[in-house]
Number of protein chains: 2
Amino acid sequence: MSELRKDPVTGRWVIIASERGNRPGALPGEFPEEFPTHGSRCPFCEGNEDMTPNEVLAFRDRNSQRNKPGWWVRVVPNKYPAMRIEGPTLRVGEGMYDMMSGIGAHEVVIEDPHHDVRMSDMPEKQIEEIFWAFRERMLDLHRDRRFRYVMIFKNHGAQAGATLEHAHSQIIALPIIPKRVLEELDGSQNYYQYKERCVFCDIIHQEERDNVRVVESNERFIAFHPYASRFPYETWILPRQHESFFSDIQIREVSDLARIFKNCVSRFKTVLNDPPYNFIIHTAPFTEDDCPHYHWHIELIPRLTRMAGFEWGTGFYINPISPEAATIRILNRDAENTETPTEKNTN
Amino acid sequence: MSELRKDPVTGRWVIIASERGNRPGALPGEFPEEFPTHGSRCPFCEGNEDMTPNEVLAFRDRNSQRNKPGWWVRVVPNKYPAMRIEGPTLRVGEGMYDMMSGIGAHEVVIEDPHHDVRMSDMPEKQIEEIFWAFRERMLDLHRDRRFRYVMIFKNHGAQAGATLEHAHSQIIALPIIPKRVLEELDGSQNYYQYKERCVFCDIIHQEERDNVRVVESNERFIAFHPYASRFPYETWILPRQHESFFSDIQIREVSDLARIFKNCVSRFKTVLNDPPYNFIIHTAPFTEDDCPHYHWHIELIPRLTRMAGFEWGTGFYINPISPEAATIRILNRDAENTETPTEKNTN
């Protein structure tokens, strides 16, 4: 049984997923993969549906059967979950320490039935379907009152933490709100109290006016390298209109999101030589009924530099390329994909 | 000129070190190393002192000359610093954004004159000298009123961010306090207000009583895997008596620190198969005169698992091995180095 444990100094929660680490063969330096390797039999490929737990959602042909071929996006529970969905939600003190039972959901979104297709190669329509699957799962998990937050993220490439090659992303539903999200909620609330405006809406205005960090924009979304980028080519994608919850996205908006997202990952591939990358959807937590200060967004980060230890030890980052220089470089070399070329200006 | 930029949502400061990234040849995916590679001529080896900037501190033979051989620990400015020590401390608004000029110090501590010696192999006496050099540099940088915090850290191994093989650590003096340190200061202050005790002192007591996560202790220091470990075998080393500032360490304490530190990194080498690792010294900032709530410590973390992107994107960690299981494993296999064997108890 995994546990959630709270650091008594900073209040940060950690999952101790002993079930994953204590399995036979899990020696130091040989931590278990999300899924074991199956040689040529990939558990995510169409036709191998029997190798995964039963699907919780699939977009599939009308005539096909559950857990059989005929799908184009498929969501299954993680075979070796960090948290389990069954069991009581216990909160216990252990001396001065605080512990919670590791109740949660851990699912895998299989993004394509074919083994070799990457998001950067997919038609926009397929990416729309993936985002729509995220929304459906989020709404469904929302109904479970034990969960306070749903994290949706992707690790693309082994260096970014992926353990299977077949394109997939992950969903984790948690009984707590992650620390970074709490910080964003607190920070944006402080700003709102002071300015009576959403800080993210103000950032969008500033980025459009400055026009030196914008990578792309369309009717409903904008993508830019944030002013205080932690990493080279760190990219944020935001809805231009204020929206707090990702799960409120409408079908007419998803196509704009899919287009801007595809163009961003395609540029990573063509301009940055196909690096590993991560994305995370940041959304307001379930527990907030109304959230005028928070604006959902996607953080998309190519893994170009080795992450030195002091960065996660201090929360302090050194970025060797300014977001303005990164914007010039990523747009220069990929002119044909650029829908809204921004001014080429170094400062 | 590098800049410090503040994220308007979370308040996190980032160094945009454009001087490092905009140098000729610094293409995407080919970020500049801390020091260029010199083939067989290592700039940190004894005899190659002319390849580094002039030393700011060296422990050396009485008859030797500055910037010549004859030293055993040597501290030099980083040749490609993330921040520069000269120049005015400007604070500027850029629209809604906040910027500060990148004033700071960035130094390298060369830990041994010989190329192939690692901390795990050094005599304790040499490790004492290294920690004493940290203290001397911290006290000296303390005199510069522009700096509010000094970070001391080490990246051992390429996967942990090191760019040169020769054993070295780094010092960065900053005009701001890093976010993680601020969180620890806030958290420990809240605890102090509530309990009128230092949270770290309470943790030490709890760890000694539970005795399932303690790796080693001696008269003045204790090393344990923290209750809410983010990473497998994450190790904290604390002085047993309350001390807020690392730079207050006394000469009689340094030998106990060197011994416990050496034993910890030696166990990493023998039990965990010589992994890359990082350590960071966490100390109270210069700006605090008295700090009854904060307790300096070292965080020492082997890099055994790939860090997935959602972890730095959410501040939420999944650790596949409980700190109790990690304690059993690291002590079992290295019985001859263990000075204070702890009880072998899984729960």
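## Helix α4 of chain A

The expected span is 1.5 Å times one less than the number of residues in the helix. Helices (H or I, at least four residues) and strands (E, at least two) are DSSP runs, numbered from the N terminus.

This is a predicted model: local features need pLDDT of at least 70, side-chain atom pairs count only at pLDDT 80 or more, and totals for chains, interfaces and linings use all residues. Residues are numbered from 1 along each chain as its sequence is written, while chains are lettered from A and ligands numbered from 1 in the order in which they are written.

Which residues of α4(A) are buried? They are A:Val199, A:Phe200, A:Ile203, A:Ile204 and A:Glu207. A residue is buried if 20 or more other C-beta atoms lie within 10 Å of its own, exposed if 12 or fewer, and partly exposed in between, with C-beta atoms placed from the backbone. Seen down the axis of α4(A), the buried residues fall within an arc of 145°, so they line one face of the helix. The arc is that of the directions from the helix axis to the C-beta atoms. An α-helix has 3.6 residues a turn, so residues three or four places apart point the same way.

The buried residues of α4(A) pack against α3, β10, β11, β12 (235-239) and β14 (297-302) of chain A. After α4(A) comes A:Asn211, with a positive phi near 50°.

## Helix α3 of chain A

Helix α3 of chain A covers residues 179-195, 17 residues in total. The distance from its first C-alpha to its last is 24 Å, close to the 24 Å expected at 1.5 Å a residue. Its buried residues are A:Arg180, A:Val181, A:Glu184, A:Leu185 and A:Ser188. Down the axis of α3(A), these buried residues fall within an arc of 140°, so they line one face of the helix. The face turned away from the buried side carries A:Gln193 and A:Tyr194, which are exposed.

## Residues with positive phi

Most residues other than glycine have a negative phi. A:Glu196, which follows α3(A), has a positive phi near 55°. In chain B, B:Glu196 also has a positive phi, of about 55°, although it is not a glycine. B:Glu196 lies in the loop between α3 (179-195) and α4 (199-210) of chain B, and it counts as exposed because it has 9 C-beta neighbours inside 10 Å.

A:Asp274 is a residue other than glycine with a positive phi, near 55°. A:Asp274 sits in the loop between α5 (251-271) and β13 (277-282) of chain A. With 16 C-beta neighbours inside 10 Å, A:Asp274 counts as partly exposed.

## Chain A as a whole

Chain A holds 7 helices and 15 strands. Of its 347 residues, 52% are buried. Among the contacts in chain A with a separation of 6 or more, 67% join residues 24 or more positions apart. Two residues are in contact if their C-beta atoms, placed from the backbone, lie within 7 Å.

A:Ala326 is in helix α7 (residues 323-332) of chain A and counts as buried, with 24 C-beta neighbours inside 10 Å. Not counting residues up to four places away in sequence, A:Ala326 touches A:His225, A:Pro232, A:Tyr233 and A:Ile321. A:Ala326 and A:Val212 are 114 residues apart in sequence, and their C-alpha atoms are 9.7 Å apart in space.

## A hairpin in chain A

Strands β10 (residues 214-217) and β11 (residues 221-224) of chain A run antiparallel and are joined by 3 bridges. Two strands pair if DSSP finds at least two bridges between them. A:Ser217 stands opposite A:Ile222 in β11(A), and a hairpin of 3 residues joins β10(A) to β11(A).

## The two chains together

Chain A can be laid on chain B by a turn of 180° and a shift of 0.0 Å along the axis, with an RMSD of 0.0 Å. The two copies are thus related as by a two-fold rotation axis. The superposition is by least squares on the C-alpha atoms of residues with pLDDT of at least 70 in both copies.

The contact takes 75 residues from chain A and 75 residues from chain B. On the side of chain A that touches chain B, α3(A) gives the most, with 7 residues. Strand β2 (residues 13-16) of chain A pairs with strand β15 (residues 317-319) of chain B in the parallel sense over 3 bridges, and A:Ile15 has B:Ile318 as its bridge partner in β15(B).
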